Structures are given as C-alpha cells and as structure tokens.
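Please open the structure in the viewer and follow the stops below in order.

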Amino acid sequence: MAEPSPRSPWRWTLHGDGRSVTPGGVVAPGERLTWPRTIGIGMQHVVAMFGATFLVPIITGLPPATTLFFSGVGTVLFLLITRGRVPSYLGSSFAFIAPIAAASASGGMATALGGVVVAGVALAVVGLVVNAVGYRWIDAVMPPVVTGTIVALIGFNLAPAAWGTCTSEVVGGEIVESCTNGVRAAPVTAVVTILAIVLVTVLFRGILGRLAILVGVGVGYAVATLRGEVSFDAVADAAWVGLPQFTTPAFSLGVLGLFLPVVLVLIAENVGHVKSVAAMTGDDLDPVTGRALFADGLATTLAGAGGGSGTTTYAENIGVMAATRVYSTAAYYVAAATAFLLSLSPKFGALIATIPAGVIGGAGTVLYGMIGVLGARIWIQHRVNFSDPVNLTTAGIALIAGIANFTWHAGDLTFEGIAIGTAAALGVYHLMRAVARWRGTDADGGPAEAASPASVPADAPVDRG
C-alpha cells in the first residue's frame with residue numbers, strides 16, 4: 001500500500017535512501033528519489049510524451065512550440081488541482097485531430113481553437129458535476145460498448161488523412177497530380193517510417209520499445225532529409241529564445257458538433273487514467289476523479305484560448321511509471337518545467353515543424369489505426385458481449401457512420417462522422433436497451449430476441465430450418 005500523499009503538493013518525503021526503489025515497492029506520488037534521479041526521470045517523461053504530443057500540432061497545423069507551452073502549463077495545473085495525488089502528464093489529445101482539421105478547413109484555425117475552448121469548458125463542467133455527485137453515472141451513460149465504439153470510430157475516421165489527398169491540373173496538355181500530405185505525398189518515406197516503428201516495437205524492450213513512434217519518426221525524418229524532402233530555411237531564420245506564437249480563438253456555432261463528441265473521449269481517458277494509477281499505487285483515487293476531469297478541462301480551455309491543442313492524460317507516461325516504479329509527482333513537475341523551457345525556443349519549434357508530410361503520413365497510419373484498435377481493446381477488457389444484438393447494433397451503426405464520415409447540415413451547424421457516430425452510439429444503445437427492457441427482450445431482463453447471424457456465439461446451435 002502506498003503512503004498517503006503529502007498535505008502540500010510541493011512537499012515530498014524521500015523514498016528510502018533516495019537512490020533506489022525498495023524491492024517490491026514503488027515511489028508513491030508524495031515521495032521522491034534524490035533530485036538528480038528525479039530530474040532524470042522527469043526528462044524521461046518528456047521523451048515519452050514527445051512524439052505523440054508533437055504529432056497533433058504538426059498534423060493539424062498548430063504551432064508545435066505553443067502546444068508544448070500549454071502542455072507544460074496544463075500539467076502543472078493538473079498536479080495542483082488534484083493536490084499531487086494523481087501523477088500525470090497532459091499531452092496533445094488525438095481526439096482533436098479530426099475536428100480541428102475539419103473546422104480549420106471551413107472556418108480557419110481561430111474557429112478550430114474556439115471549438116477546443118468549448119470542449120475544454122464542457123469537460124470542466126463535467127468535472128464539477130462528478131466532484132459533486134460522483135462518477136458512477138458516467139458508467140451508466142457511457143457503458144464500455146459505447147466508449148469503445150466512440151474511440152474506435154475516431155481513429156478509423158482519420159484513415160483518409162493518413163492516406164492523404166492530391167490535386168490534379170493540366171500542364172502542357174498532360175494531367176499532373178500533386179500530393180501534399182499523407183502517405184501519398186512521399187510513399188517511400190512513409191513506408192520507411194512505418195517499418196521503423198514496427199521493428200523498434202519488437203526489437204527493443206523497456207523505454208526504447210515504448211518510444212517506437214518517436215524513433216520511427218526520427219528514422220523517417222533522416223530518410224526524408226537524404227531524399228531532399230526537408231527544408232531548414234525556417235530553422236535558420238528562427239531565434240534561439242522567444243515566446244511561442246499565440247492565437248486568439250473565434251467562436252462559431254457551426255463547429256460545435258465537431259468538438260462535443262471529443263468530450264466523451266476525454267472523460268473516458270481521464271477516468272481510465274485515474275483508475276490505472278490507483279491500481280498501480282494502491283491508493284484510492286475515486287474521490288479525485290472530478291478534480292482530474294476539471295483540471296484537464298481547464299488545461300484544454302487555456303490551450304485553445306492561446307493557440308495550442310487540447311490536452312489529455314497520457315498513457316505513454318503510465319508506461320514510464322510502470323517501468324521505473326516511480327510515481328512521484330515531483331518528476332512530473334520536472335517534466336512540465338522542461339517542456340515549458342523547450343517551448344521558449346522558436347528555433348526548436350521551427351525544427352519540429354520541418355517534419356515532412358511523408359513521415360507524418362507514415363506515423364499517422366500507425367497511430368490512427370492504434371486509436372481505432374484501442375476502442376476494440378476497451379470492448380475486450382470489459383468483456384462486451386456482442387452476442388447481445390443491442391451491443392452489436394450499437395457498434396455497427398456508429399462505426400459505419402464514423403468511418404464513412406456521414407455528414408448532416410442543420411442550419412449553420414455541420415455534423416460529420418465523429419459527431420454522428422457518437423450520437424448514434426449513445427442514442428441507439430439507450431433506445432434499444434430501454435425498449436428491450438420494456439418489452440422483456442433484454443438480455444439482462446428476459447429472453448433475447450433472435451439475433452443476427454453475426455451475433456450468434458460460435459458454439460450455439462444454428463436453426464437451418
């Protein structure tokens with residue numbers, strides 16, 4: 001059992017001699033190792049979050065340094081609001097990629113940032129409600145079949161972005177195709193990036209294996225440089241020290257439908273993070289779930305207000321904690337300070353922005369697919385029963401709406417695949433479950449109606465009459 005957290009989030013007790021973790025023990029959130037070791041682990045957290053956090057601004061067109069700035073600020077706020085009980089790093093949420101891309105294409109980046117602000121405020125409100133009444137109602141509104149489906153459709157909805165888009169024009173009587181993003185922009189570089197990620201994942205253990213995305217991007221970047229796909233002009237012109245580029249958001253009713261579904265994903269990610277940390281530290285963190293949601297909502301609001309990407313708790317950093325058995329929040333303050341200092345170098349931000357389209361397309365292929373499959377992982381972990389036609393129909397309809405990017409216009413509002421798929425997952429599930437219980441056909445309340453062939457268990461007898 002972990003020791004209780006300190007009364008002040010700025011005070012930590014030394015774990016043992018401060019040089020090593022005792023056998024079978026963990027460094028609790030309220031403890032720390034010696035400062036040199038704590039600083040080293042904190043910087044390791046920066047490396048762990050680096051690849052994923054930077055891919056979001058690179059893909060969406062947001063300034064990388066600005067996103068890093070608000071990532072550091074958000075992490076400090078999260079640690080303070082949760083009173084140092086929940087070790088976590090707040091990095092860029094991939095759930096924002098699709099809505100930011102769609103909103104910026106229709107109304108500009110300022111409008112997209114307005115959507116990020118709205119999502120952050122909504123999440124903060126949910127956090128306040130959870131802090132007042134508890135989080136059990138979230139499980140009722142968003143059962144695993146719904147949560148898993150929403151996560152999956154967000155990942156698969158991004159598949160066209162990974163492949164990329166091209167334009168055609170007639171030059172000298174011939175049709176010339178120009179591809180500027182995704183795998184199609186530089187297929188060789190993209191394939192090398194994907195292959196590097198795949199091999200690093202299985203060739204190495206420990207932290208290096210967990211940084212497969214970052215290493216793969218580095219390998220792809222090197223190949224792209226050799227192929228002349230990288231320009232360093234902007235890096236040479238950038239200053240070594242300076243403030244990040246801040247952008248004021250603009251608000252449009254038409255993009256709200258794109259961003260509100262993201263709130264559901266952020267809720268699931270934060271609740272899952274709190275439960276994971278509680279399981280690893282042995283500390284009961286249920287009472288601070290509302291604070292965690294509110295903190296992430298506030299961090300996302302501030303990021304959107306200044307030109308950064310929305311934030312979420314990072315699974316990559318859970319991996320670092322599991323590997324080191326160090327859950328000290330002191331290390332996360334170090335990580336936040338490191339990110340903040342790096343964000344104050346425009347040259348560093350300009351260097352990150354030089355990552356070419358082929359590398360982004362290759363990394364996106366892996367990441368988007370992983371997001372989609374993580375939705376299926378939620379189903380598996382919670383043993384979602386797909387022989388139940390309610391679950392099967394819920395997931396089936398929502399996934400098709402998300403993957404095909406169903407679109408609906410209602411006045412000034414535009415609802416696309418993620419929003420429609422999310423609404424379908426929630427609406428279809430609760431409608432079918434309510435009617436089934438009323439009619440006595442619910443799997444939990446009486447004999448189930450005849451299922452579709454796909455929902456029949458493999459060992460069930462089949463009536464071929």
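Begin by selecting helix α6, residues 144–157, together with helix α19, residues 417–439; in this predicted model, their axes come within 10 Å and cross at roughly 160°. Angles over 145 degrees count as roughly antiparallel, and α6 and α19 are therefore roughly antiparallel to each other. The crossing of this pair, α6 and α19, is right-handed.

Next, display the side chains where these two helices meet. On α6, select Val145, Val146, Thr149, Ile150, Leu153, Ile154 and Asn157; on α19, select Gly417, Ile418, Gly421, Thr422, Ala425, Leu426 and Tyr429. Colouring the contact of α6 with α19 by class gives 9 nonpolar residues, 5 polar residues and no charged ones.

Now move to helix α8, residues 187–203, and helix α10, residues 212–226. Which angle do the axes of α8 and α10 make where they cross? They cross at roughly 145° and come within 8 Å. The crossing of α8 with α10 is right-handed. Among the residues of α8 to select here are Thr189, Val192 and Ala196, and those of α10 that they and their neighbours meet include Ala212, Val215 and Gly220. The contact of α8 with α10 consists of 11 nonpolar and 5 polar residues, with no charged residue.

Finally, select the whole chain. Its secondary structure comprises 19 helices and 8 strands. Of its 465 residues, 51% count as buried. The accessible surface of the chain is about 20700 Å², and 65% of that belongs to carbon and sulfur atoms.

Terms used
Residues numbered from 1 in each chain as written. Predicted model: local features only at pLDDT ≥ 70, side-chain atom pairs only at ≥ 80, totals over all residues. Heavy atoms only, no water. Axes fitted to C-alpha atoms, helices over the stretch in contact; angles between N-to-C directions. Helix = DSSP H or I, 4+ residues; strand = E, 2+ residues; numbered from the N terminus. Parallel < 35°, antiparallel > 145°, perpendicular 65-115°, else oblique. Left-handed = near helix turned anticlockwise from the far one by under 90°. Contact = heavy atoms within 4.5 Å. Nonpolar A, V, L, I, M, F, W, Y, C, P; charged D, E, K, R; others polar. Buried < 20%, exposed > 50% of the residue type's maximum accessible area, 1.4 Å probe, protein only. Areas by Shrake-Rupley, 256 points an atom, 1.4 Å probe, with all protein chains shown as cover.
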